[in-house]
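Subject: A structure for you to look at

Hello,

I am passing a structure on to you, and I hope you enjoy looking through it.

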Amino acid sequence: MENSQIMLSLARLFRYILKANDWISIQEELDFIDEYLQIEKFRFGQKLQWSYDVEPSLKTMLIPKLFIHPLIENSVKHAVEATSTTIRIHLLIRQKQSDVEIVVSDNGMGISQDVLDQILLSFQDDKPVGSVSQSYGLANLYKRIHLYFGETSSLSVESCPDYPGTRIRVQIKQ
């Protein structure tokens, strides 16, 4: 990617962020994520790989702006930046019975149990975002999920030392 292409990608990212709409289609969020990952690809080269598996019928579904992006950004920050090996990020969006499931997974080093416990503690409603752990993005997203989609929707984080990688799952009840 050339410098001029990076500048165009950055301009498109800023335009998206400044867009007046608070709700956008999943396809618009995917386009934003792709621009973001192209810029990161320039930075990390072949060390960063990604793929999407999105049910076509869900691409028009409306979600809050910057809803999926923080999950992808977490994989870049905590998996790609933390190692010299190739990291694969996979985004899955599918209909699962009457719910919509969004799963972001990577093959990074994973999360230690102590940090995972802190992240899960930060999800508690009586704790302000960032007061328990440094996982501002996940705690914020957890609260946004409940605000926009109700208390029966969920966010879960799976990671263990025996299985490299992390999987973050958002379940939206419809």
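Predicted model: local features only at pLDDT ≥ 70, side-chain atom pairs only at ≥ 80, totals over all residues.

Let us begin with helix 2. This helix covers residues 26-44, which makes 19 residues. From its first C-alpha to its last it reaches 26 Å, close to the 27 Å expected at 1.5 Å a residue. Its buried residues are Ile26, Glu29, Leu30, Phe32, Ile33, Glu35, Tyr36, Leu37, Ile39, Glu40 and Phe44. You will notice that Glu29, Glu35 and Glu40 are among them.

Next, have a look at strands 4 and 5. Strand 4 takes in residues 87-96 and runs antiparallel to strand 5, with eight bridges joining the two.

Strand 5 itself spans residues 99-106, and eight of its eight residues are buried, so the strand is largely enclosed by the rest of the structure. Both of its faces are covered. On one side sit Asp99, Glu101, Val103 and Ser105, and on the other Val100, Ile102, Val104 and Asp106.

Finally, the aromatic rings. The structure holds four aromatic pairs. In one of them, the rings of Trp23 and Tyr148 have centres 5.2 Å apart and planes at 80 degrees, so this pair is edge-to-face. Trp23 belongs to strand 1 (residues 23-25) and Tyr148 to helix 5 (residues 136-149), so the pair ties together parts that are 125 residues apart in sequence. Trp23 is partly exposed, with a relative accessible area of 35%, and Tyr148, at 35% relative accessibility, also counts as partly exposed.

Trp23 forms an edge-to-face pair with Phe149 too, at 5.9 Å centre to centre and with 80 degrees between the planes. Phe149 lies in helix 5 and Trp23 in strand 1, so here the parts tied together are 126 residues apart in sequence. At 17% relative accessibility, Phe149 counts as buried, because the cut-off for buried is under 20%. Ring pairs link Trp23, Phe67, Tyr148 and Phe149 into a cluster.

Happy exploring, and best wishes

Definitions and conventions:
Residues numbered from 1 in each chain as written. Heavy atoms only, no water. Helix = DSSP H or I, 4+ residues; strand = E, 2+ residues; numbered from the N terminus. Expected span 1.5 Å × (residues − 1). Buried < 20%, exposed > 50% of the residue type's maximum accessible area, 1.4 Å probe, protein only. Pairing = 2+ DSSP bridges. Phe/Tyr/Trp six-rings, centres within 6.5 Å; stacked < 30°, edge-to-face > 60°.
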